[in-house]
Amino acid sequence: MIELSAILLAAGAGMIGGAMNALAGGGTFATLPALIALGLPANIANATSNVALLPGAATSALAYRDELGPVAGMPVRLLAAVTFVFGLVGSLLLVLTPTETFDIIIPWLLLFAFAVMAFGKRAADWLHRRVTIGRPALLAAQALLGIYGGYFGGGVGLITTAVYGLLANIRPRELFAIRTTMLGVANLAAAFIFIGFAMVWWWACLPMLLGAVAGGWLGALLGKRLSHRAVRIWTLLVTAATTVVFFVRAYG
């Protein structure tokens, strides 16, 4: 029998993860550790987390729909199509990755997400003083984001924020709408694969999903009122703490 405490933990982690995705991304940093603590293998936990966060991402995108627009002249539909196709590719890669291998890879993916978020603005400022990047680079970056989002998803919102800032010189607060939309598209693509390959544990997914919907809506409402600095500091703290935990888990 599934204990009430396990259901509440899954729901609570989903609410926090949904709110984080709405604010700056990184919702997986809340949901993945919770699912692993509940006994799910790492790759199963990642797939379950992905599906659970999907409705929350959709809720956030709906809340931001009035702010949605092209990125550096690129239509949203084109960016979404690229994200969906390559999200399928990334999720298939996860299906083929043994859980033992994924346990070793996770901390490095988290560290990468943290580094991009911490230093992405400096890199963007440095780059824009020297070069102008066109649409092909943005499309190529979107394809890589789709693969990463489908394979892991942890920090993909953070990385999207940094990449768009790097390539299109857009501030994080201005990216809430497009970032949450691309996150939802990547999650949707991966959900088809993960459900098809029976990688979702529904007893944990459903309460987490309900929590993520509530958290996504509340986070989007809160995000319209928060400053850039508050969102950045909160996200960096959560990302850093989760990265340390997973390094200790894998190599400690």
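Helix 1 and helix 2 cross in a left-handed manner; a crossing is called left-handed if the near helix is turned anticlockwise from the far one by less than a right angle, and right-handed if clockwise. The structure is a predicted model, in which local features need pLDDT of at least 70 and side-chain atom pairs count only at pLDDT 80 or more, while totals for chains, interfaces and linings use all residues. Residues are numbered from 1 along each chain as its sequence is written, and side-chain values use heavy atoms, with hydrogens and water left out.

Back to that first pair. Helix 1 covers residues 4-23 and helix 2 covers residues 28-37, and the two pack with axes 7 Å apart at an angle of about 160 degrees. That angle makes helix 1 roughly antiparallel to helix 2. Here, axes are lines fitted to C-alpha atoms, for helices over the stretch in contact, and angles run from 0 to 180 degrees between N-to-C directions. Angles under 35 degrees count as roughly parallel, over 145 as roughly antiparallel, 65 to 115 as roughly perpendicular and the rest as oblique. On the helix 1 side, the contact (heavy atoms within 4.5 Å) is made by Leu 9, Ala 13, Gly 14, Ile 16, Gly 17 and Met 20, which meet Phe 29, Ala 30, Thr 31 and Ala 34 of helix 2. Sorted by class, these residues come to 7 nonpolar, 3 polar and no charged. The nonpolar class holds Ala, Val, Leu, Ile, Met, Phe, Trp, Tyr, Cys and Pro, the charged class holds Asp, Glu, Lys and Arg, and the others, Gly among them, are polar.

Helix 2 also packs on helix 3 (residues 42-63), where the axes come within 9 Å and cross at roughly 135 degrees. With that angle, helix 2 is oblique to helix 3. This time the crossing is right-handed. Thr 28, Thr 31, Leu 32, Leu 35 and Ile 36 of helix 2 are in contact with Ala 42, Ala 45, Asn 46, Thr 48, Ser 49 and Leu 53 of helix 3. The contact of helix 2 with helix 3 has 6 nonpolar and 5 polar residues, and no charged ones.

Helix 2 is largely enclosed by the rest of the structure, because 8 of its 10 residues are buried. Buried means under 20% relative accessible area, exposed means over 50%, and partly exposed is in between (1.4 Å probe, protein chains only). The buried residues of helix 2 are Thr 28, Phe 29, Ala 30, Thr 31, Leu 32, Ala 34, Leu 35 and Ile 36. Thr 28 has a relative accessibility of 9%. Leaving out residues up to four places away in sequence, Thr 28 touches Pro 33, Asn 46, Ser 49, Leu 53, Gly 153 and Gly 154. After helix 2 comes Gly 39, with a positive phi near 105 degrees.

Now for the chain as a whole. The secondary structure comes to 10 helices and 0 strands; helices (H or I, at least four residues) and strands (E, at least two) are DSSP runs, numbered from the N terminus. Of the 252 residues, 54% count as buried. Among contacts between residues at least 6 apart in sequence, 84% join residues at least 24 apart.

Further along sits Cys 205, a residue of helix 9. Cys 205 is buried, at 0% relative accessibility. Its contacts, not counting residues up to four places away in sequence, are Thr 48, Val 51, Ala 52 and Val 200. Cys 205 and Leu 35 are 170 residues apart in sequence, with their C-alpha atoms 9.0 Å apart in space. The loop between helix 8 (176-196) and helix 9 (202-223) holds Ala 198. Most residues other than glycine have a negative phi. Ala 198, though not a glycine, has a positive phi of about 55 degrees. Ala 198 is exposed, at 61% relative accessible area.

The search of the whole structure finds 1 salt bridge, defined as a side-chain nitrogen of Lys or Arg within 4 Å of a carboxyl oxygen of Asp or Glu. Arg 249 and Asp 103 form this pair, at 3.4 Å from N to O. Arg 249 lies in helix 10 (residues 228-251) and Asp 103 in helix 5 (residues 99-128), so the pair ties together parts that are 146 residues apart in sequence. Arg 249 is partly exposed at 40% relative accessible area, and Asp 103 is partly exposed at 21%. Thr 243 lies in helix 10 too, but is buried at 5% relative accessibility. Setting aside neighbours within four places in sequence, Thr 243 is in contact with Pro 107, Leu 110, Leu 111 and Phe 114.
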